[in-house]
Amino acid sequence: MDRRSIGVIVNPIAGMGGRVGLKGTDGAEALARARALGATPASHARAVRALAKLAPIADAFRLLACPGAMGADACREAGLDPETLPVAVTDETSGEHTRAAASAMAARRVDLLLFAGGDGTARDVLDGIGEDVPMLGIPTGVKMHSAVFAASPEAAGNLARLLAEGDARVRFREAEVMDLDEAGLRENRVSARLHGVARAPFERALMQAGKASAQASDEDALDAFARAFAARMEPGRLYVLGCGTTLRRIKRAIGFEGTLLGVDVVIDGRALALDVGEERLMRLVAGARATIVVGVTGGQGFVFGRGNQQIGPEVIRAVGRENIVVVTGVSKLVGLDPPVLRVDTGDPALDRDLAGYIRVETAPGQSTMMRIAA
Amino acid sequence: MSTPREVTQARWNEPVVMEMGVPGRRGAVFPAAEAEVAAAVGEASSLVPAAMRRRAKPALPEMSEPDVLRHYLHLSQEVLGMMNISLFGTCTMKYNSRLSEQISLRPQMADMHPYQDPRTLQGILEIVHEFDLILRQLSGMDQFVFQAAGGAHAAYTQTAVTRGYFAAKGELEQRNQIITTIQAHPCNPATAATSGFEVITLMLEENGYPSIEALKAALSNRTAALMLNNPDDMGIYNPQIKEWVRLAKEAGALAFYDHANFNGVMSKIRARDLGFDACMFMLHKTFGGPKGGGGPATGAYGCSAELAPFLPKPVVVKDEASGLYDLDYDREMSVGKVREFFGNLHIVMRAYAWARAMGAEGIAEASDISVLANNYMEKRLLAVDGVTKSHPHLDEYRLEMTRYSLEKLKEETGIGVAELSARMVDFGVDAPWLAHEPWLVPEPFTPEAGEMWSKEDIDTWCDVIAQIAKEARENTDHVKAAPHNAAIHAIDGSALDDPARWATTWRAYLKKHGAQARRAAG
């Protein structure tokens, strides 16, 4: 069998803004400010920590890396000898370089793209490789809200090693790549949206099958829920369907493709409006019997205010808390620490009204009671 | 700590029995029937009605008796677990005393048939009744039945009784929800769903158990029952349990106590005293019956007098006037059968023998010892670099179990619970139970010392964990490649969840792997 191949891209400037109080280094101006504040690169050292986990099996897989600071340096320091890809790099690496490098890795059909950076890097990598090539993030940035990141550099390295070894525990799932507006963050204004969906590896427990029930994946449970939900939709009721992969399942189950990143409105089994903004949404729900269906952002547990700001405070008030359906996979709920949901509608009074317990649907006939933090 | 010794297991490369045998070879050759007998009875095959007769002989391997015995001896030597020091958490692994085994094998027990007239079953019915009385004392319930063939089956019995109870009240349509917690055994939500209920799960919060506010938010006039364990598998006892049950009852719901974790609270609390309507004990775990493939199981299901009319039938009853025991099938409100007959009575027999041997004081002491042993083990395991426990901020002592995590070791060395489990086999101790799905703690493992393992056994077990954690840092690849001394090395688990490849019978194996099997053969 062919050896598996891993591509490595390091964003050498990722994470520089964090220690000097900036919210990231997206863009040349922010980088210059970070440097002026005395920031030094941290990405390289963290990438080396992850790559060192691969060193003991260096002969068992093929390693491709971007030249110099964008990958090859870290590989060599970790004791690996990569094949260097002929892609452009400059000292001031930019998103453009990352995208071009990722695209070149995809053309070489890597089995995994292991990248070091933050959300901005994840975004560029996804744009370069698309939804089919697996990607895994070594967390080295300031903002890491995307689900493609391992918990630590070591965890990323260990998982990449299992994949390189062909370990049967490595499976793949959809992972959300988030897009946070840094300029907004610097002004303490959080505005995140879903940028896209990547394919990310994870380690699945495959043990003691004698006692543990075969773990039905969240994805199967959510597909089943989507079909059940589509079947029980009330005639004449307006359904405001939020964004993200879980909602895409519901949209597909209803019978239309919908928008992954946008809010769509459905009535009587057909799409009434796609990718609607707040004002249009308000006009649609005014006076109507309506239900809002939303997912939960991974890691942070946001129900409103991250990626679905179109569903603004007025819309939520008009529809009413009792007509909000929250849907997500059990593993996403279990991964929340602390185990609470959050809302950030932009209207603190509404946020307080939404606080308290809510049932989160996880499968047909199954829900989990979660607290929305005040 | 001392360095544990490695053991080497037998390796027989034993084929599947279906691949063994030689045509014509026999275990026993029966003499031909004498002429008079043959004339009177006819061909043996004529005794089987034509419609039921096989067209072809069964495709069994043709083997001699010693071949068969040797085959199973080899397999027993290649067994990977449940035979050694086995601190398999949530399973309360207890020694099955030879005395109990002998009693359950006596002809008065072994040769009985459930279709016998109850007048000829007085001895065993008395034991069932007496054991019912013992469980009533331990739980405060009013009646136990033993049909359920395991803990999950007893939970199912609860959901069936719940249906019967609310159907009789005309509230079944309205009360279609069952509330449980994410740390309750998965059989609770599973059986609730099987019986057609919606399931609402409560998450753990900061204290290690769900909050009363979450329960209140879940309870309504649609709630049929609350089903939970306490303590849960993390060894954390919910001290607000009485209030939980009160709230459930106030909402008109039933409360069911899954006593899978009974060992740490035996004779300290009684389900009925806490307000529960029903509870379940696992006789194959807590009460000393064989467990883990060692034999059929029994879930003892007990309930209040109010629910008793809905119990599965038959129920063993005693006529106080005559002193005779009977099987009561005349129960109008009964949910019917959850299983044939009245239970795996040889397990009830063993559990009765265990309870009588222990006595009330012995059971109370066993509970204390199990908690003490767990906390001793916790001290030892948390001293191992790389091992942490769930909810480390909680200072209270855990009861009979603690949930640990190898997350730190895994991050530092790549050695997690899978690798640890495989390496433990090399030391002749059994790997621990990890955790039920979903895993709330990364890389979890959950040993349970119970009351019967000696301090030396527990020390050996902990020494092995410490040794492997040390090896993880000093010789990672050696641990990764484990087991080294076992009958087989690490197996490829990729087919475990692939219906196209798994096979639990020989026929399924040939169907799914036929071409490959034939290639291998030849």
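At 29% relative accessibility, B:Glu243 counts as partly exposed, a class that lies between buried (under 20% relative accessible area) and exposed (over 50%), as computed with a 1.4 Å probe on protein chains only. In this predicted model, B:Glu243 forms a salt bridge with B:Arg246, the closest N and O atoms being 3.0 Å apart; the term denotes a side-chain nitrogen of Lys or Arg within 4 Å of a carboxyl oxygen of Asp or Glu. B:Arg246 is likewise partly exposed, at 40% relative accessibility. Because they are three residues apart in helix H9 of chain B, B:Glu243 and B:Arg246 are separated by about one helical turn. Helices (H or I, at least four residues) and strands (E, at least two) are DSSP runs, numbered from the N terminus.

The model is predicted, and local features need pLDDT of at least 70, side-chain atom pairs count only at pLDDT 80 or more, while totals for chains, interfaces and linings use all residues. Residues are numbered from 1 along each chain as its sequence is written, chains are lettered from A and ligands numbered from 1 in the order in which they are written, and side-chain values use heavy atoms, with hydrogens and water left out.

## Strand E5 of chain B and its neighbours

Helix H9 (residues 241-250) of chain B carries the chain from E4(B) to E5(B) in a right-handed β-α-β crossover, meaning that, with the strands pointing away from the viewer, the path from the first strand over the helix to the second runs clockwise. Strand E4 (residues 223-229) of chain B pairs with E5(B) in the parallel sense over five bridges, where pairing requires that DSSP finds at least two bridges between the strands. In this pair, B:Ala225 stands opposite B:Leu254. E5(B) also pairs with strand E6 (residues 278-282) of chain B, again in the parallel sense, over three bridges, and here B:Phe256 is opposite B:Ala278.

In a regular strand the side chains alternate between the two faces of the sheet. Both faces of E5(B) are covered, with B:Leu254, B:Phe256 and B:Asp258 buried on one side and B:Ala255 and B:Tyr257 buried on the other.

## The interface of chains A and B

The contact, defined by heavy atoms within 4.5 Å, takes 35 residues from chain A and 45 residues from chain B. The buried area, that is, the accessible area (1.4 Å probe) that the two parts lose on being put together, summed over both, is about 3100 Å², of which carbon and sulfur atoms give 56%.

B:Glu198 in strand E3 (residues 198-202) of chain B reaches A:Arg359 in strand E15 (residues 356-363) of chain A, with the closest N and O atoms 3.3 Å apart. B:Glu198 is partly exposed at 24% relative accessibility, and A:Arg359 is partly exposed at 25%. Another salt bridge joins B:Lys410 and A:Glu203, whose closest N and O atoms are 2.7 Å apart.

## A buried salt bridge in chain B

B:Lys389 forms a salt bridge with B:Glu378, the closest N and O atoms being 2.6 Å apart. The pair links distant parts of the chain, B:Lys389 lying in strand E10 (residues 388-389) of chain B and B:Glu378 in helix H10 (residues 345-382) of chain B, eleven residues apart. Both B:Lys389 and B:Glu378 are buried.

## Helix H10 of chain A

Eight of the ten residues of helix H10 (residues 245-254) of chain A are buried, so this helix is largely enclosed by the rest of the structure. Just after H10(A), A:Gly255 takes a positive phi of about 120°.
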